[in-house]
Amino acid sequence: HGRHLRKKTAPLSAIAKTAAGVGAVAATVALGMLVKRQRVRATCKPFYSGATRCFKIPGLNEGFVPQDLFYLDDEKTWLFSGYEANRKPSPIFQVSEDGHVRRHEVLFPSGSLYRGHGAAITAAGPFVFLTVRDGFVAIDRATLADAADGDILQATGHRAIPLLPAFMNVQKGMLYIGEFQHRIFYPTPKSHWLRCPSGETNPALAFAYAPHDHGPFGFGEHPAAVYSIPGNVQGLCVTPDGNIALSLAWGFGDAEIRIYDPARAHRGGSYMVEGHHCPLYFLDDATLMQTLTVPPMAEGIDTHDGQVYLANESASNLYLLGKFFGGSYVYSFPTSQAKA
């Protein structure tokens with residue numbers, strides 16, 4: 001029995017070496033995080049100096065990986081969508097003005113719980129929209145507003161969109177929904193790759209649907225406009241002065257907010273969507289007005305009270321990095337701080 005015990009017990013010297021090895025790895029990781037934090041804070045210093053830290057993103061320490069945020073004006077509540085890194089059903093969070101947080105899961109008409117990416121959430125009229133792989137589902141807005149923490153919300157309808165939605169927002173009455181392109185991991189159809197008048201090629205599209213009293217969920221059957229957009233777009237909003245802002249991010253590098261002038265974006269031509277010719281707009285170098293460097297892993301953006309608000313996934317337990325440079329918080333900023 002004693003010999004067996006000695007076989008199963010590592011010598012103290014081995015334990016010491018193992019502990020030293022683990023300690024060295026931990027120290028290396030910590031040093032890397034510190035270096036990254038300092039680099040992020042250096043490159044994003046203009047952003048931090050001009051932005052306001054607003055409130056903590058919900059669910060970060062319980063496995064939630066946030067993808068989007070949207071402000072409900074009437075309810076004075078922020079909505080968050082995303083997914084769970086532990087493969088549990090994907091939640092919706094509500095955060096009220098006083099900081100009260102409510103978490104919900106979404107039930108499809110089929111009876112299954114939503115486990116999608118939660119790429120985007122927005123609202124219009126009596127509906128809240130949540131992206132699914134082929135479009136979005138609708139949730140009754142009044143039911144969501146009255147739901148208690150932990151309540152399951154029933155999706156009451158579905159709309160298919162002819163692209164894979166990665167971001168979505170209702171802004172100034174228009175429903176914008178678009179795709180994410182990465183040259184290796186997230187390819188888009190070659191028919192979506194368009195040569196811009198300014199010379200570069202945009203590899204992705206966004207559709208804008210105008211209000212329509214008799215259309216699906218209050219919007220037209222076909223896009224009122226098609227936008228040719230760059231790759232790596234995580235979110236879209238319309239700034240208080242009417243410009244279109246895109247958040248772009250990939251990996252741990254610095255992210256960007258790019259602001260375009262839509263008044264100059266339509267330079268003739270149209271794009272065919274499901275048999276309908278739609279006016280084509282180019283968000284390219286010629287219409288780019290401002291670029292702002294923001295912290296890595298930026299996600300959805302929204303406008304409220306004259307400011308742009310930014311969500312970020314870097315402080316989730318899946319990535320951790322943002323816990324070291326302020327990624328746990330929503331920040332707001334005026335678009336005027338960006339430099340052309």
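Start with everything shown. Among the contacts in the protein with a separation of 6 or more, 58% are between residues 24 or more positions apart, where contact means heavy atoms within 4.5 Å. Before you click further, know that this is a predicted model, so local features need pLDDT of at least 70 and side-chain atom pairs count only at pLDDT 80 or more, while totals for chains, interfaces and linings use all residues. Residues are numbered from 1 along each chain as its sequence is written, and side-chain values use heavy atoms, with hydrogens and water left out.

**The whole thing**

Switch to a cartoon view and you have four helices and 24 strands. Helices (H or I, at least four residues) and strands (E, at least two) are DSSP runs, numbered from the N terminus. Of the 340 residues, 51% count as buried; buried means under 20% relative accessible area, exposed over 50%, and partly exposed in between (1.4 Å probe, protein chains only). Accessible areas come from the Shrake-Rupley method with a 1.4 Å probe, and for residues only the protein chains shown count as cover.

**Into the core**

Next, select Phe129, Phe136, Phe207 and Val226. They are the residues with the most contacts inside the largest nonpolar core, which has 24 residues. Such a core is a set of buried Ala, Val, Leu, Ile, Met, Phe, Trp, Tyr and Cys residues joined through side-chain atoms within 4.5 Å. Strands β8 (135-140), β10, β11, β14 (204-209), β19 (270-273) and β20 (276-282) each supply at least two residues of this core. Apart from it lies another core, of 21 residues, among them Cys237, Ala255, Ile257 and Leu321. In soluble globular proteins, nonpolar side chains tend to be buried together.

Zoom in on Phe129. Leaving aside neighbours within four places in sequence, its contacts include Phe136, Val137, Ala138, Met168, Phe217 and Phe219.

**A polar residue inside**

Now pick Asn169, in strand β10 (residues 167-171). Is Asn169 buried or exposed? Asn169 is buried, because its relative accessible area is 1%. Show its side chain and look for two polar contacts. One joins the side chains of Asn169 and Gln171 at 3.4 Å, and another runs from the side chain of Asn169 to that of Asp302 at 3.5 Å. A polar contact here is a pair of N or O atoms within 3.5 Å; within protein, one must be able to donate a hydrogen and the other to accept it, and residues adjacent in sequence count only if both atoms are side-chain atoms. Not counting residues up to four places away in sequence, Asn169 also touches others, including Phe70, Thr122, Tyr176 and Cys237.

**Charged pairs**

Time to colour by charge. Side chains of opposite charge can pair when their charged atoms come close. How many salt bridges are there? The count comes to six, a salt bridge being a side-chain nitrogen of Lys or Arg within 4 Å of a carboxyl oxygen of Asp or Glu.

Select Arg141 and Glu75: their closest N and O atoms are 2.8 Å apart. This pair links distant parts of the chain, with Arg141 in helix α4 (residues 141-146) and Glu75 in the loop between β2 (64-72) and β3 (77-84), 66 residues apart. Arg141 is buried at 13% relative accessible area, whereas Glu75 counts as partly exposed at 27%.

Then go to Arg267 and Asp284, which meet in a salt bridge of 2.4 Å, N to O. Arg267 sits in the loop between β18 (255-260) and β19, and Asp284 in the loop between β20 and β21, 17 residues away. Arg267 is partly exposed at 31%, but Asp284 is buried at 1%.

For a network of salt bridges, select Glu84, Arg103 and Glu105. Within it, the closest N and O atoms of Glu105 and Arg103 are 3.3 Å apart.

**Back to the surface**

Finish with Ile184, Phe185, Tyr186 and Trp250, which make a nonpolar surface patch of about 460 Å². Patches are made of residues with over 30% relative accessible area and no salt bridge: like charges are joined within 9 Å, nonpolar side chains (Val, Leu, Ile, Met, Phe, Trp, Tyr) within 5 Å. Phe185 lies in the loop between β11 (174-178) and β12 (194-195), and it counts as exposed because its relative accessible area is 55%.
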